[in-house]
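Please show me how to read a few local features of a protein model.

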Amino acid sequence: MAKLKAIYVCGKCGYESPKWYGKCPGCGEWNSMEEGIEEKGSIAFSSSVKASEVMSLDNITGDVERRISTGNSEFDRVLGGGIVIGSLVLVSGDPGIGKSTILLQICEYLGKTGKILYVSGEESANQIKMRANRLGVTSKNLFILSETNVNIIIETIKKEKPDIVIIDSVQTMVCDEISSSAGSVTQVRESTNLFMHTAKYYNIPILVVGHVNKDGAIAGPKVLEHIVDAVLYFEGERNYSYRILRGVKNRFGSTNEIGVFEMTESGLKEVLNPSLMMLSGRPKNTPGTCVACIMEGSRPILAEVQGLVTTTGFGTPRRMSTGFDYNRMSMLIAVLEKRAGYFFNNMDAYINVVGGLRLDEPAADLTVAMALVSSLKDKVVGDNVLAFGEIGLAGEIRAVSNCEQRISEAYRLGFEKCLIPFHNYKSLSKQLKINMNIVPVRTIRDSFSALTEE
């Protein structure tokens, strides 16, 4: 019997080495090398496929892209209009965020027109039935398979010929030809490769659930994200009932779109108007609050930004930011002190974005600055006032994209006054200027002067 050769595999990037390293040569991660057994190459996909032929681009038929609607408009939005036939989609997120819930819910609609095979390596058939009853899923075209062996799953797919396959989850899947345990880098990589070949050859879309490790990486190694066609990531705070589904990668659509859901006792429900949800319960006539408008793909979303500035009790003032980049907040405070004369050197400053949303767009700079100064001066920003714009180091307000869409969304929700960058004002339509009181501002000084003139 041949002697098995030990190797060391990085749990982050999959780098293999015959000897152990404290620091991975591939990705530079410390203490990520794990001992394993050398495998004899990748697992081959067993089928009667003939060798592919070289084809000219002109000779390839440009058929219209075929998609399957899930019956969930928010889920379809993130995918780019639905599930593409023959695609491999990874759904990931923190434990308990709602990955299995959303996939089981869409089975109710998909089962009306097609056959679904739900493969679970974590739950028994009885447990899935209990969860389906709670979610109101009663489709007769939904078939359950509790199995972790990839070879058996692929044979079942060949035999049953379903229209859609759901794998929950890839960390529990094992290949007989690989000696390492389930969830290892090799098992996850080879299992996903086999599912990818199955989806392409049989033209069956496969949705795979991937867990997130303690460091936030999807399914441990990053290699999993390179194999699949689309990566959907669930975001949300455990203390909030709202969930955001974001497309991290999508070969068949935009990666800027998001879907907003609310977790209820009966499962995840779509939030068709996220702006109204984010602004619900907003305090009236309270200093330190201002409303921002950010773009998530083609969708404008309004969110409340709260600022609190108070005298520090220590020698060094404290800064804290939730939902907004901490370093950018520090930069804005420095600009406010240098360019506008608002001093925070003996003040603690806190920023919070209500609803668990994260503002990564520079257009939220002006909103954050308004909230901070409003709290510092104890002056109320009007409840009907919206502000957005990027702030430069010279204190200037720079132009942002999609200005008309932002203002239109604010007008639809009842806002009456909007502070925008001066360079965006010229391109606005006349009707929009009539509908709302639009104030163009050049610098941060102009922004606060516009409020004091009320």
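Predicted model: local features only at pLDDT ≥ 70, side-chain atom pairs only at ≥ 80, totals over all residues.

Q: How many disulfides does the structure hold?
A: A disulfide is a covalent bond between the sulfur atoms of two cysteines. The criterion here is a pair of cysteine sulfur atoms within 2.5 Å, and the structure holds zero. Cys10 is in no disulfide, and its nearest cysteine sulfur, that of Cys24, is 3.5 Å away. Cys293 is in none either; the sulfur of Cys418, the nearest, is 8.0 Å away.

Q: Is Cys10 buried or exposed?
A: Buried means under 20% relative accessible area, exposed over 50%, and partly exposed in between, with a 1.4 Å probe and protein chains only. Cys10 is buried, at 0%, and Cys293 is buried with a value of 0%.

Q: How do the axes of α4 and α5 cross?
A: Two packed helices are described by the angle between their axes and the distance between the axes. Helices are DSSP runs (H or I, at least four residues), as are strands (E, at least two), numbered from the N terminus. Axes are lines fitted to C-alpha atoms, for helices over the stretch in contact, with angles from 0 to 180 degrees between N-to-C directions. The axes of α4 (residues 150-160) and α5 (residues 185-202) come within 11 Å and cross at roughly 10°. The two helices are therefore roughly parallel, a label for angles under 35 degrees.

Q: Which residues of α4 and α5 meet?
A: Contact means heavy atoms within 4.5 Å. Among those that meet are Ile153, Ile154 and Ile157 in α4, and Leu194 and Phe195 in α5.

Q: What does the side chain of Tyr118 join in polar contacts?
A: A polar contact is a pair of N or O atoms within 3.5 Å; within protein, one must be able to donate a hydrogen and the other to accept it, and residues adjacent in sequence count only if both atoms are side-chain atoms. Tyr118, in strand β7 (residues 116-120), is buried at 0% relative accessibility. Its side chain joins that of Arg131 at 3.3 Å and that of Asp168 at 3.0 Å.

Q: Where does Ser275 lie?
A: Ser275 is in helix α7 (residues 274-279) and is buried at 1% relative accessibility. A polar atom of the Ser275 side chain lies 2.9 Å from the backbone nitrogen of Leu302.

Methods:
Residues numbered from 1 in each chain as written. Heavy atoms only, no water. Parallel < 35°, antiparallel > 145°, perpendicular 65-115°, else oblique.
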